[in-house]
Amino acid sequence: MGLRLRVDGDVVRGEVTFDRRQQGAPGIAHGGAVTTVLDDAVASLLVVLETPAVTANIHVDFRAPTLLHHPMTVEARATGRDGRKLHLTARLLDERATVVAEAQALFLAVDLEHFAKGGEALPEAWSGWGANAPG
Ligand SMILES: CCCCCCCCCCCCCC(=O)SCCNC(=O)CCNC(=O)[C@H](O)C(C)(C)COP(=O)(O)OP(=O)(O)OC[C@H]1O[C@@H](n2cnc3c(N)ncnc32)[C@H](O)[C@@H]1OP(=O)(O)O
């Protein structure tokens, strides 16, 4: 789907165009693919927040069909923090700036050790990111 995300101040913005690989109903992106984009966008806020965290839950409202082959934009921002709980939100908009889907996500800050459970080496760049972890 060629999702490209960038940090713009305290907001994450990006572009994505869904194609047949993400099709649900004919000509329309599958809701799971839309959710993946929204989850990825809010997860990218962790760079802004400098906090290792994982998705605890994500609620998505599908407002309009997300059409294949139409360039969409996504934007994500943090709305609040309560201890380990990070409240994050993202919107997917079509070329007319109509919101086609929006998400509210709860991320929970974790120690970097959480990611070691995957059994893979962690990126070197993450080593300095532990300062805001809960432990
Ligand atoms: C600096 C940056 C570093 C960069 C790192 C980049 C990482 C990139 C990674 C990219 C990732 C990309 C994104 C991905 O794909 S992340 C992949 C998908 N997500 C996961 O795999 C997470 C799996 N779940 C867990 O590991 C645990 O359940 C977690 C860690 C989430 C919580 O287990 P933990 O044992 O730690 O916490 P707790 O149970 O003591 O609960 C604590 C508090 O939280 C509240 N609560 C818990 N769950 C929920 C819920 N579902 N809804 C509402 N509330 C919930 C709970 O009531 C309690 O509240 P309170 O009673 O205190 O009020």
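## The ligand shell

Strand 3 is the top contributor to the shell around the ligand, giving five residues; strands here are DSSP runs of E, at least two residues long, and helices are runs of H or I, at least four, both numbered from the N terminus. Helix 1, strand 3, strand 6 and helix 2 (113-116) each put in at least two residues. This is a predicted model, where local features need pLDDT of at least 70 and side-chain atom pairs pLDDT 80 or more, while totals for chains, interfaces and linings use all residues. Residues are numbered from 1 along each chain as its sequence is written, and side-chain values use heavy atoms, with hydrogens and water left out.

Of the 19 residues around the ligand, the nearest are Thr55, Asn57, Arg84, Lys85 and Trp129; being near takes a heavy atom within 4 Å. The shell splits into eleven nonpolar, four polar and four charged residues, with Ala, Val, Leu, Ile, Met, Phe, Trp, Tyr, Cys and Pro taken as nonpolar, Asp, Glu, Lys and Arg as charged, and the others, Gly among them, as polar.

## Polar atoms at the ligand

Over at Lys85, a side-chain N or O atom lies 2.7 Å from a ligand oxygen. On its own the ligand exposes 1300 Å², and the protein buries 51% of that (Shrake-Rupley areas, 1.4 Å probe).

Six strands make an open sheet in the order 1-2-4-5-6-3, with antiparallel pairing; a pair needs at least two DSSP bridges. Strand 1 (4-8) and strand 3 (53-62) are the edges, each with a single partner strand, so one side of each has no neighbour in the sheet. From one strand to the next, the twist averages 20° (axes are lines fitted to C-alpha atoms, for helices over the stretch in contact, with angles from 0 to 180 degrees between N-to-C directions).

Helix 1 (residues 31-49) packs on this sheet, touching strand 1, strand 2, strand 3, strand 4, strand 5 (85-93) and strand 6 (99-109), with contact meaning heavy atoms within 4.5 Å. The direction of helix 1 makes about 130° with that of strand 5.

## Strand 4 and its partners

Strand 2 (residues 11-16) and strand 4 (residues 72-82) pair antiparallel over six bridges. Val16 bridges to Met72, and Glu15 to Thr73.

Thr73 also has a bridge partner in strand 5, namely Leu93. Strand 4 and strand 5 pair antiparallel over nine bridges and form a hairpin with two residues between them, where Gly83 in the turn has a positive phi of about 65°.

Note on methods: Polar contact = N/O pair within 3.5 Å; in protein donor to acceptor, adjacent residues only side chain to side chain.
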